[in-house]
Amino acid sequence: MSNNVSLAIPQFGGPEVLTAVNRPIPSPSEEQVLIQVKAAGVNPIDAKTRAGLGWAAEHNQDKLPWVPGYDVAGVVVANGTNESKFDVGDRVAGMIGFPTEGGGYSQYVVADAGLLSTVPPSVPMVDAAALPLAGLTAWQALEHAQLRADDKVLILAGAGGVGHLAVQLAVRTGANVYATASPSNHDFLRQLDAKPVDYHQTHWATAHGEFDVLIDLVGGETGIDALASLRTGGRVVTVPTNTRDMITSAATERGLKATGMLVEPNTWQTQRLLDMLYQGDLRIDIAAVYPLAEAAQAHVALEEGHTRGKRVLEMPSA
Ligand SMILES: NC(=O)c1ccc[n+]([C@@H]2O[C@H](COP(=O)([O-])OP(=O)(O)OC[C@H]3O[C@@H](n4cnc5c(N)ncnc54)[C@H](OP(=O)(O)O)[C@@H]3O)[C@@H](O)[C@H]2O)c1
């Protein structure tokens, strides 16, 4: 265990700033485990922070180089002295270091055992690494919306990382689920039992009748336009944090119930999501897997804005 290669941001900028660094393997504190990371999920916040945008960038601007990555799946290789939840050799996954520490784009990380869940047998590490942040966001967005079986819900960006999981969880509640996507993703949405809405068409927000609930995974002007889809008194949860205030204000002015959110770690929910993957009750679509050294390509592709499902990094073996 001599190498611990991470991909760091030495200064904010384009994807090309991501740089390999070799650091000492960290030691777990009392309540932590040391994980040999097998795969790390890529999320839009990683790219935004790399570009110097948002509160994670603000928080870390004096702590560069900073290693991004909140989603990890790997194998426990050492325990802290007070840590008994996991044994060496256990397969674990979780959302770690959120929202400001990150660190997942690494061969080895330490993490609080309380943030980790067990990866069931036969669930690939790539799938487990793709799931936590997006799955928790999807779950918690529907909770904030208090989605019920008799609701008609519109999910924006239904084919994206959060969206395709939110669609499936919403379908499981019994709700009548519609989701926006480009036409190339409409069959994909139908496979998930959602009704596709083409957001490239004019009047897309009002073309399918009135909705009780809007899950906004796009924000900005699209999020504002989508408010027209809701009935009076309808509920909107807007997920992108950078336009949260603008959208909640516009929604409140229209007599809607509006909430912003920041995803929170929740090991019970993460475990349930992993178990659903194992049982075949949830599917996670992997758009592409990249070697750690090619993370810049993952960022370029993510920033094009049309990822279906999730992009994941695979670690070089130690
Ligand atoms: N607040 C929080 O705690 C939190 C947590 C997680 C994510 N987020 C934020 O939530 C957003 C979604 O995250 P994500 O991981 O799901 O992103 P993502 O995977 O990158 O989303 C990609 C999807 O966005 C769709 N899309 C792009 N422009 C669109 C538009 N104008 N209307 C409808 N769909 C559009 C694309 O659909 P097509 O290819 O079909 O066009 C694509 O499938 C991001 O802004 C992210 O930063 C916030």
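D212 is buried, with a relative accessible area of 14%. Here buried means under 20% relative accessible area, exposed means over 50%, and partly exposed lies in between, with a 1.4 Å probe and protein chains only as cover. The structure is a predicted model, in which local features need pLDDT of at least 70 and side-chain atom pairs count only at pLDDT 80 or more, while totals for chains, interfaces and linings use all residues. Residues are numbered from 1 along each chain as its sequence is written, and side-chain values use heavy atoms, with hydrogens and water left out.

## Salt bridges

D212 forms a salt bridge with R231, and their closest N and O atoms are 2.7 Å apart. The pair links distant parts of the chain: D212 is in strand β11 (residues 211–216) and R231 is in strand β12, 19 residues apart. R231 is partly exposed at 27% relative accessible area. The term salt bridge stands for a side-chain nitrogen of Lys or Arg within 4 Å of a carboxyl oxygen of Asp or Glu. Helices (H or I, at least four residues) and strands (E, at least two) are DSSP runs, numbered from the N terminus.

The whole structure holds eight salt bridges. The table gives some of them.

| Pair | N to O distance |
|---|---|
| R148 and D150 | 3.6 Å |
| D187 and R190 | 2.7 Å |
| D212 and R231 | 2.7 Å |

D187 and R190 are three residues apart in helix α6, so about one helical turn separates them. D187 is exposed at 52% relative accessibility; R190 is partly exposed at 46%.

## R235 and its surroundings

R148 and D150 also belong to a network of salt bridges that includes D151 and R235. R235 sits in strand β12 (residues 230–238) and is buried, with a relative accessible area of 10%. Contact means heavy atoms within 4.5 Å. With neighbours within four places in sequence set aside, the contacts of R235 include A145, Q146, L147, R148, D151 and D212. V213, L214, L230 and K257 are also among the contacts of R235. Between R235 and T259 there are 24 residues of separation in sequence and 8.1 Å in space, C-alpha to C-alpha.

## Buried helix residues

Helix α5 (residues 161–173) has buried residues G161, G163, H164, L165, A166, V167, Q168, L169 and A170. Their cover includes the helices α4 (132–144), α6 (186–191) and α9 (267–279). The strands β8 (152–155), β9 (176–181) and β15 (310–314) are also among the elements that cover the buried residues of α5. Just after α5, G174 has a positive phi of about 95°.

T49 is part of helix α1 (residues 44–50). Its relative accessible area is 0%, and T49 is buried. Apart from neighbours within four places in sequence, T49 is in contact with F12, A56, A57 and W66.

## A charged patch on the surface

E30, E31, E101 and D112 form a negative surface patch. Patches are made of residues with over 30% relative accessible area and no salt bridge, where like charges are joined within 9 Å and nonpolar side chains (Val, Leu, Ile, Met, Phe, Trp, Tyr) within 5 Å. Asp and Glu count as negative and Lys and Arg as positive, with His and the chain ends not counted. E30 lies in the loop between β2 (19–22) and β3 (32–42) and is partly exposed, at 45% relative accessibility.

## Backbone exceptions

Most residues other than glycine have a negative phi, and most peptide bonds are trans. The peptide bond from L64 to P65 is cis, with omega near 5°, and P65 is in the loop between α2 (55–60) and β4 (71–79). F98 and P99 are also joined by a cis peptide bond, with omega about 10°. P99 belongs to the loop between β5 (91–95) and β6 (108–112).

D193 has a positive phi near 70°. This residue lies in the loop between α6 and β10 (195–198) and is exposed at 55% relative accessibility. H203 has a positive phi near 60°. H203 is in the loop between β10 and β11, and is exposed at 62% relative accessibility.

Conventions. Accessible areas come from the Shrake-Rupley method with a 1.4 Å probe; for residues, only the protein chains shown count as cover. The place of a charge is taken as NZ of Lys, CZ of Arg, CG of Asp or CD of Glu.
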